[in-house]
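Have the coordinates open as you read.

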Amino acid sequence: MKKIVLLTALVILTAITMQAQFPMGGNGKPGQQAPNMGHIYGKITDSTGLAINGASVLLLQSRFDTVTKKRKEILLKGITTKSNGEFSFADLPMFGQMKLKISATGFIAIDQTVAFQMKMDASAPRPNSSDPMQAMAAMSSMMNAFDKDLGNIKMNIDAKQLQGVTVTASKPTMKLDIDKKVFNVEKNIVSAGGTAVDVMRNVPSVLVDIDGNVTLRNAAPQLYIDGRPTTLSLDQIPADAIESVEVITNPSAKYDASGGNAGILNIVLKKNKKNGFNGNLRAGVDKRGAVNGGGDFNFRQNKINFSASTMINQNKSRSTGTTDRLNLFNSPLTSILQNNYNRTSGQFIFARVGLDYFMTNRTTLSIGAIRVHGQFDPRESINIFTDSLFNSGKVSNYSERLSTGTREFNAKGMTAGIKHLFPKEGEELTADLNFFSGKNGGDNTYTTNYYNTAGGIKTGLYQQQLLNSGTNRFLTLQTDFVKPFKKIKLETGLRAQLRKLSSINDNYIYNSFIGKYELIPSATSNYKNKDNVYAAYVSITGSAKNFGYKLGLRSESSQYNGTLLGNNNKFSNNYPISLFPSVFLSQKLKAKQELQMSVTRRINRPNFFQVIPYVDYTDNLNITKGNPNLKPEFTQSYEFSYLKTFKGNNTFLASAYFKKTTDLITRYQDKGKHPLTGQDILINTFINANSSQAYGAEFTSVNTLKKWWDISTNVNLYNSKINTSNITNATQNAMWSWFGKFNSNFKLPAKFTTQLTATYQSKTNLPVNQGGGFMGPPMGAAQSASQGYIKPSYGFDLAFKKSFLKNDAGSVSLSVNDIFKTRRSQQYSYSEYFTQTYSRLRDPQMFRLNFTYRFGKMDMSLFKRKNMKADMSGATEGMQQ
């Protein structure tokens with residue numbers, strides 16, 4: 001054993017000594033190679049001694065290049081530090097100088113020379129020593145020289161680099177992709193403390209009425225959250241949770257073909273991308289004392305990214321309105337004048353958590369959950385004056401309808417997904433699951449007092465109670481695969497969307513003889529249904545020089561089964577496979593110009609509410625009935641766009657579009673008898689009109705006029721027409737209309753900013769197809785079943801923001817909506833059964849005061865993972881807030 005130890009020590013010491021004495025050959029090339037036994041290690045910290053995560057540490061050495069006959073630096077080792085900031089390099093050459101290069105985002109880079117220095121002690125034994133213990137001692141002493149601790153290496157913050165990142169990382173207000181427009185709304189202070197309804201009022205291309213109904217080019221779009229369909233409404237999503245809104249006017253084959261002829265609004269929620277731990281707290285109040293508050297927290301370290309968010313919004317809404325109506329279907333002809341006053345109080349709570357687990361450098365697993373709870377207590381009074389035409393003494397009465405109640409909704413959802421990146425750049429596979437479940441309930445009482453005249457003798461009393469509840473379950477399964485080739489990219493995917501719906505609507509009438517409410521089966525609507533959609537798509541994206549294209553084909557089929565719970569009647573329908581092609585072309589021109597053209601086909605299938613052949617009498621002012629003979633409507637869309645980017649990131653976008661829909665699903669009115677009163681009534685049902693068409697031009701401009709002043713302008717000029725000659729031998733007249741939006745942002749001294757927005761809607765036709773339900777005033781659904789127009793309206797919003805504390809961690813904003821009380825909804829409608837004028841005003845001059853505070857440490861280092869494309873944006877976002 002002693003001989004083996006001695007022999008080993010002698011071999012190593014001899015090699016070391018020879019390399020020290022003869023490091024290079026006579027020809028300048030390396031001589032005999034010593035074993036690689038060097039080891040260096042240390043820790044990277046900031047100036048305070050805190051470890052830097054994600055610092056890049058490279059070790060290089062100068063070597064002779066036999067090709068160029070010159071010396072050049074060769075990379076020996078490289079590492080990215082973990083959360084403890086430590087690095088370690090082993091098996092290093094024991095001779096020759098090396099260079100250590102250290103860099104981290106936001107810090108000044110460090111270059112440090114490293115070399116092992118072997119000191120030969122005069123008393124140390126020689127390699128030919130016969131004493132093995134002395135030889136081992138000598139070897140141990142010498143080997144310690146090749147184990148080098150560099151200690152803590154401190155890095156200083158690079159203020160210039162941070163300042164540069166802040167400028168270059170600023171998100172543009174508008175971004176144009178080949179199949180969508182993305183509008184960044186994170187810094188929209190006008191909507192702070194509000195809901196997604198307030199956000200949409202500032203998004204170009206989108207028109208929002210006073211009830212929160214959204215139209216996109218005069219039709220109702222589909223609503224998505226983070227790329228997935230949702231059953232949440234806009235007033236259930238806090239504005240402070242929204243990062244951006246994607247306006248997809250002409251969806252490609254990747255998106256659902258079903259859902260109408262107006263495209264998609266995809267709300268992208270904020271996702272904290274900053275390393276370390278950080279978050280913010282928010283609180284606010286409006287002029288009626290309704291409070292809002294919430295907070296976000298994010299922790300990102302190593303393989304885990306965790307985020308949590310919660311918000312509460314109270315609502316104290318007030319609205320007033322009038323309806324002037326002439327009924328032409330009964331005898332005698334009557335005029336009805338309604339004065340409405342509504343006040344609604346309530347609140348909703350929104351909570352969300354998410355977890356990303358980076359399984360490997362190429363595989364990420366993500367899960368998330370969402371919870372929404374809301375309760376509102378609407379109160380409404382309607383004063384109704386009724387008189388007969390031409391003979392005021394024959395029919396003349398006055399009634400007061402008082403409604404009180406409560407409605408509640410509870411929703412929860414879960415998302416899960418996995419994303420895998422293949423070694424080939426751009427090749428990836430994703431799989432997603434999205435589950436959403438909602439419950440709702442309501443208890444409303446309607447009391448109508450009849451008088452012979454206003455302030456006169458009471459002549460009657462009618463009391464009605466509506467108890468309703470429902471469930472909505474939504475499951476989406478989807479997988480997508482992207483495969484790049486030499487000049488093209490192939491995308492393909494499968495999707496299944498499964499939905500279950502149930503609705504209970506019990507109608508009770510108060511019986512004064514027995515002193516309690518009685519259920520009226522003929523005026524009760526209870527049903528359940530299942531609705532499934534299956535889809536597959538394939539698309540090819542490619543380019544040749546400055547020409548790009550995206551060709552897609554989607555196939556979809558669907559089926560639904562429904563049951564009326566009262567009599568167990570069943571209804572079903574199967575829609576066969578339909579094909580939906582899409583074509584997107586783009587051509588980049590000189591001087592930062594680009595042309596785009598797209599052609600798509602979409603479908604809108606009737607929902608169960610629209611097809612059940614049952615009359616719903618639960619609301620005497622909105623009686624509805626389904627039509628089992630409805631057919632799906634198909635929409636062909638064409639769009640052409642021109643984009644020009646000017647100096648200073650000024651952009652101009654112009655689009656021309658045309659849409660034609662066949663078998664348009666629209667409301668239709670018919671006469672009937674009320675089963676309880678025997679009176680003639682109007683029943684709102686659904687029918688396929690011949691067609692509709694809309695065409696127009698849209699212009700959007702984003703301009704930076706000064707460093708402290710930027711503006712955005714959006715104008716949409718359009719013409720719409722509905723052909724209903726197959727129904728009433730009358731076609732809605734074509735009408736040219738336009739609406740515009742203007743937004744101006746100022747940066748003022750002392751860290752003040754201000755935002756001014758303005759909207760204008762000209763006279764326009766009533767919107768096409770309000771869907772299964774209608775939000776708005778009593779008798780409002782009739783307007784969607786008739787001809788008519790919306791009168792012009794306009795409004796102004798203003799907001800101020802003050803930033804303070806270190807790094808602008810705190811801010812206070814004050815906003816006011818509808819400054820001059822001009823955002824009034826006024827409509828005129830008519831049919832063979834009535835003419836009607838309607839006007840409403842809701843929550844004018846609404847003031848909101850909001851406070852925001854950011855906290856936590858933002859780690860400037862970045863994760864070096866291929867499947868985390870947003871790392872750089874995440875780090876820079878934190879520096880610019």
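This is a predicted model: local features need pLDDT of at least 70, side-chain atom pairs count only at pLDDT 80 or more; totals for chains, interfaces and linings use all residues.

Residues are numbered from 1 along each chain as its sequence is written, and side-chain values use heavy atoms, with hydrogens and water left out.

A nonpolar core is a set of buried Ala, Val, Leu, Ile, Met, Phe, Trp, Tyr and Cys residues joined through side-chain atoms within 4.5 Å. Buried means under 20% relative accessible area, with a 1.4 Å probe and protein chains only. The largest core has 36 residues, and Met200, Val203, Val206, Ile242 and Ile267 have the most contacts inside it. Helix α4 (residues 196-200) supplies its largest share, four residues. A second, separate core holds 22 residues, including Phe87, Met94, Phe146 and Met155.

Contact means heavy atoms within 4.5 Å. Leaving out residues up to four places away in sequence, Val206 touches Met200, Leu265 and Phe739, among others.

Helices (H or I, at least four residues) and strands (E, at least two) are DSSP runs, numbered from the N terminus.

| Residue | Relative accessibility |
|---|---|
| Threonine 230 | 17% |
| Serine 815 | 3% |

Threonine 230 lies in the loop between β13 (228-229) and β14 (242-248). Beyond four places in sequence, threonine 230 touches Leu223, Tyr224 and Ile225. Its C-alpha atom is 9.6 Å from that of asparagine 434, 204 residues apart along the chain.

Serine 815 sits in strand β41 (residues 810-817). Neighbours within four places aside, its contacts include Ile189, Val190 and Phe847.

Terms used
Buried means under 20% relative accessible area, exposed over 50%, partly exposed in between (1.4 Å probe, protein chains only).
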